[in-house]
Amino acid sequence: MTVLEQPGAYHPTPPPAWRPRTDAAPLLPDPEPYRLLGTSAAADLAPDLLTRLHRELVHGRRYNVQATALTRQGRLAVYPSSTGQEACQVAAGLVLEERDWLFPSYRDTLAAVVRGLDPVQALTLLRGDWHSGYDPREHRVAPLSTPLATQLPHAVGLAHAAHLKGDDVVALALVGDGGTSEGDFHEALNFAAVWQAPVVFLVQNNGFAISVPLAKQTAAPSLAHKAVGYGMPGRLVDGNDAAAVHQVLGEAVRRARGGGGPTLVEAVTYRIDAHTNADDATRYRSDAEVEAWREHDPIALLEAALRDRGLLDDDGLRAVRDSAERLAADLRNRMHQDPVLDPLELFEHVYAEKTSQLREQAAQLRAELDAEGER
């Protein structure tokens with residue numbers, strides 16, 4: 001007989017901290033991805049927003065095609081295309097205020113370009129010329145993150161610091177479905193919820209972490225359901241419906257700015273192209289699957305809605321496509337110019353003040369370059 005089994009033994013009840021702190025029901029995502037295009041609610045969408053989204057989608061598709069071509073021509077070392085995911089990228093780039101911050105992953109160069117970053121600067125890292133290629137403070141776009149999910153804790157830290165300072169700033173952090181399997185994802189969401197940081201997490205669920213399908217990463221009903229475990233709302237949205245993604249992100253940004261804390265948004269989309277130019281996607285998915293998703297193309301969905309409302313005709317579409325061609329030509333011409341590189345820039349912008357090790361290494365490289373007659 002144990003002590004607790006003895007007559008009259010004290011049986012403690014769980015302390016108050018054991019009880020649920022939050023009602024889980026309001027945090028749960030919708031059972032189906034939220035959609036706007038093709039529904040009656042689409043009639044209430046602002047025409048200016050729809051036409052802006054469409055223009056950026058067309059520009060973005062052409063940007064993806066041109067960047068992929070530059071990779072084949074040897075002008076880029078690698079390019080992770082976002083073809084098929086442009087609605088997520090465009091919505092993320094447009095939804096923030098100027099004072100807010102965007103934290104992209106390596107696949108989110110289009111979101112950075114929509115935010116205002118020069119396309120050449122956005123591709124400089126993938127060209128192998130610089131560590132980043134742009135000043136993050138100019139457009140409030142954090143450096144492209146190649147390691148999976150490491151940008152998420154950074155976004156939380158910036159958002160929390162802004163909140164402590166009283167600055168009216170929101171951070172929007174982008175990550176793929178593969179990134180949700182990283183510890184950084186857990187740490188970022190947990191800190192964000194505990195601190196009620198003004199940050200929004202956008203998971204672009206494109207079906208695969210390189211070749212690993214989502215079903216082999218998680219048994220959760222959806223990635224949006226993971227939000228409940230951290231104590232924040234989860235939203236599930238059709239990631240190819242640009243208007244829906246913009247609306248859901250807009251609501252999450254306003255909630256964060258108003259002191260409501262973080263939100264996890266899962267956008268269900270699809271990566272039409274391979275993971276990168278180094279990937280053979282035919283080894284893990286069928287052509288039929290890809291073609292099925294082409295039928296749910298974000299540009300086609302929005303163009304149909306615009307035509308239904310009389311906001312787009314053949315002449316308007318031709319003008320947008322011509323504009324996209326001009327942007328692609330400018331990108332192509334500038335990327336074909338060989339950059340003038342200074343190897344000693346390797347030691348710049350690492351720390352605010354160079355460490356003794358960096359100074360020593362820079363001096364050693366300078367001596368080697370001088371000996372070779374390259375300086």
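The chain holds 13 helices and seven strands, assigned as DSSP runs (helices H or I, at least four residues; strands E, at least two) and numbered from the N terminus. The model is predicted: local features need pLDDT of at least 70, side-chain atom pairs count only at pLDDT 80 or more, and totals for chains, interfaces and linings use all residues. Residues are numbered from 1 along each chain as its sequence is written, and side-chain values use heavy atoms, without hydrogens and water.

Along the principal axes, the C-alpha atoms fill a box of roughly 90 × 65 × 45 Å. Of the 375 residues, 47% count as buried (under 20% relative accessible area, 1.4 Å probe, protein chains only). Contacts (heavy atoms within 4.5 Å) were examined by sequence separation. Among those between residues at least 6 apart in sequence, 75% join residues at least 24 apart.

Nonpolar cores were defined as sets of buried Ala, Val, Leu, Ile, Met, Phe, Trp, Tyr and Cys residues joined through side-chain atoms within 4.5 Å. The largest has 62 residues. Leu123, Leu172, Val200 and Leu249 have the most contacts inside it. Helix H9 (residues 242–257) gives the largest share of this core, nine residues. Leu172 touches Ala92, Val95, Leu96, Trp101, Leu102, Phe103, Val200, Leu202 and Leu249, leaving aside residues up to four places away in sequence. A second, separate core has 28 residues, including Phe201, Val203, Tyr230 and Leu264.

Axes are lines fitted to C-alpha atoms, for helices over the stretch in contact, and angles run from 0 to 180 degrees between N-to-C directions. The axes of H1 (residues 47–72) and H2 (residues 86–95) come within 9 Å and cross at roughly 120°. H1 and H2 are therefore oblique to each other (angles under 35 degrees count as roughly parallel, over 145 as roughly antiparallel, 65 to 115 as roughly perpendicular and the rest as oblique). Arg52, Leu53, Glu56, Leu57, Gly60, Arg61 and Asn64 of H1 meet Glu86, Ala87, Val90 and Leu94 of H2. This contact has five nonpolar, two polar and four charged residues (Ala, Val, Leu, Ile, Met, Phe, Trp, Tyr, Cys and Pro nonpolar; Asp, Glu, Lys and Arg charged; the others, Gly among them, polar).

H6 (residues 151–165) and H7 (residues 183–195) pack at about 20°, with axes 8 Å apart. The two helices are therefore roughly parallel. Leu152, Pro153, Val156 and His160 in H6 meet Asp184, Phe185, Ala188, Phe191, Ala192 and Trp195 in H7. Eight of these residues are nonpolar, one is polar and one is charged.

Terms used
Buried < 20%, exposed > 50% of the residue type's maximum accessible area, 1.4 Å probe, protein only.
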